[in-house]
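Good morning, and thank you for coming.

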Amino acid sequence: MKLGFIGLGRMGKNMALHLLEEGVEVVAWNRSPEPREEVKPKGAVTVETLDELVSKLEPPRNIWLMVTAGEVVDEILDKLADKLDPGDLIIDGGNSFYKDTLRRNEMLAKKSIHFMDVGTSGGIESARSGACIMVGGTLDDFGRVEKFLKVMAAPKGYGLLGPVGAGHFAKMVHNGIEYGMMEAIGEGAALLKSSPFKYDLREVFRVFSIRSIIESRLIGWVLAELEKDPELNEISSIIGSAGSGQRIKGEGDWTCEFAKEKGISVPVIEASIKVRDESAKDPEDSPEGFRNKAISAMRGQFGQHPVKKKYKNQQTP
């Protein structure tokens with residue numbers, strides 16, 4: 001049970017700590033040294049270079065990649081491809097676009113390096129205790145790393161969904177669904193706030209969270225934030241990456257682009273993205289502003305995104 005692990009951000013660090021607690025030997029590298037120092041006392045073998053990481057893993061190697069989607073994934077894969085041996089396996093556990101995953105698989109296959117994609121859901125808390133794991137890859141490679149997946153996932157919370165690309169595609173659609181669900185919950189919170197009844201929203205969401213049809217972790221996360229800040233006064237009404245209002249294009253956008261390619265109507269997901277893009281225009285003390293705050297509150301709870309008011313003066317360009 002030995003796994004190379006690249007990327008110790010919010011999700012990656014918690015996943016690595018969970019693996020260590022379950023008896024997996026983790027050889028960890030992160031570009032900045034501080035996260036390496038955090039996992040080292042917990043038993044991780046930390047390295048300062050990719051060369052050192054490769055040298056500390058015996059072939060056939062298994063390496064988990066948990067970094068931000070985009071160019072950094074290509075950068076690391078290009079470097080690893082020149083260092084690994086045929087038969088080694090890389091698993092991309094981040095939120096990569098499925099078409100990029102297919103392209104990367106072709107590149108690595110030319111060097112006989114195996115590749116898998118894993119969509120990981122559940123937020124920071126689940127990364128630490130057991131996540132939802134959506135896997136794309138061959139049946140042989142799945143069998144090869146299932147022991148790690150079982151440790152990382154919540155009970156029965158993982159599965160091979162198809163060939164390479166299937167995991168990231170499923171996670172893309174998952175996040176599109178998530179956008180729509182969060183939007184609906186935010187709209188409901190705004191309606192309750194504006195109703196003729198002087199609701200204590202903490203009590204409403206407490207009741208919602210117990211055996212209702214809309215009972216969910218999202219409802220629970222709104223409740224958790226309301227319990228700390230009943231009026232959400234400290235939450236920014238701008239919905240954006242790191243609370244800045246500058247939203248990075250991601251899975252919701254990719255879901256809509258795929259739907260457009262296929263001629264499939266996805267009005268709920270499209271509307272939720274529009275709300276995020278235009279959230280800086282909504283007055284903070286308006287019903288729309290409260291709706292946005294409820295969405296930001298959920299993002300802060302599951303992803304530890306900084307969404308407090310101090311970020312509000314950064315406007316969407």
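I begin with helices H10 and H13, which are roughly perpendicular to each other; that label covers angles of 65 to 115 degrees, whereas under 35 counts as roughly parallel, over 145 as roughly antiparallel, and the rest as oblique. H10 spans residues 217–228 and H13 residues 287–303, and they pack at an angle of about 100 degrees with their axes 8 Å apart. The axes are lines fitted to C-alpha atoms, for helices over the stretch in contact, and angles run from 0 to 180 degrees between N-to-C directions. Helices (H or I, at least four residues) and strands (E, at least two) are DSSP runs, numbered from the N terminus.

Before I continue, a word on the source. This is a predicted model, in which local features need pLDDT of at least 70 and side-chain atom pairs count only at pLDDT 80 or more, while totals for chains, interfaces and linings use all residues. Residues are numbered from 1 along each chain as its sequence is written, and side-chain values use heavy atoms, with hydrogens and water left out.

Which residues of H10 and H13 meet? From H10 they are Leu-218, Trp-221, Val-222, Ala-224, Glu-225 and Lys-228, and from H13 they are Ala-294, Ala-297, Met-298, Gln-301 and Phe-302, where contact means heavy atoms within 4.5 Å. Eight residues of this contact are nonpolar, one is polar and two are charged. Here Ala, Val, Leu, Ile, Met, Phe, Trp, Tyr, Cys and Pro count as nonpolar, Asp, Glu, Lys and Arg as charged, and the others, Gly among them, as polar.

Glu-225 and Lys-228 also form a salt bridge, at 3.6 Å from N to O; the term means a side-chain nitrogen of Lys or Arg within 4 Å of a carboxyl oxygen of Asp or Glu. Both residues lie in H10, three residues apart, about one turn of the helix.

Another joins Glu-261 to Lys-99, with the closest N and O atoms 3.1 Å apart. That pair links distant parts of the chain, 162 residues apart: Glu-261 is in helix H11 and Lys-99 in helix H5.
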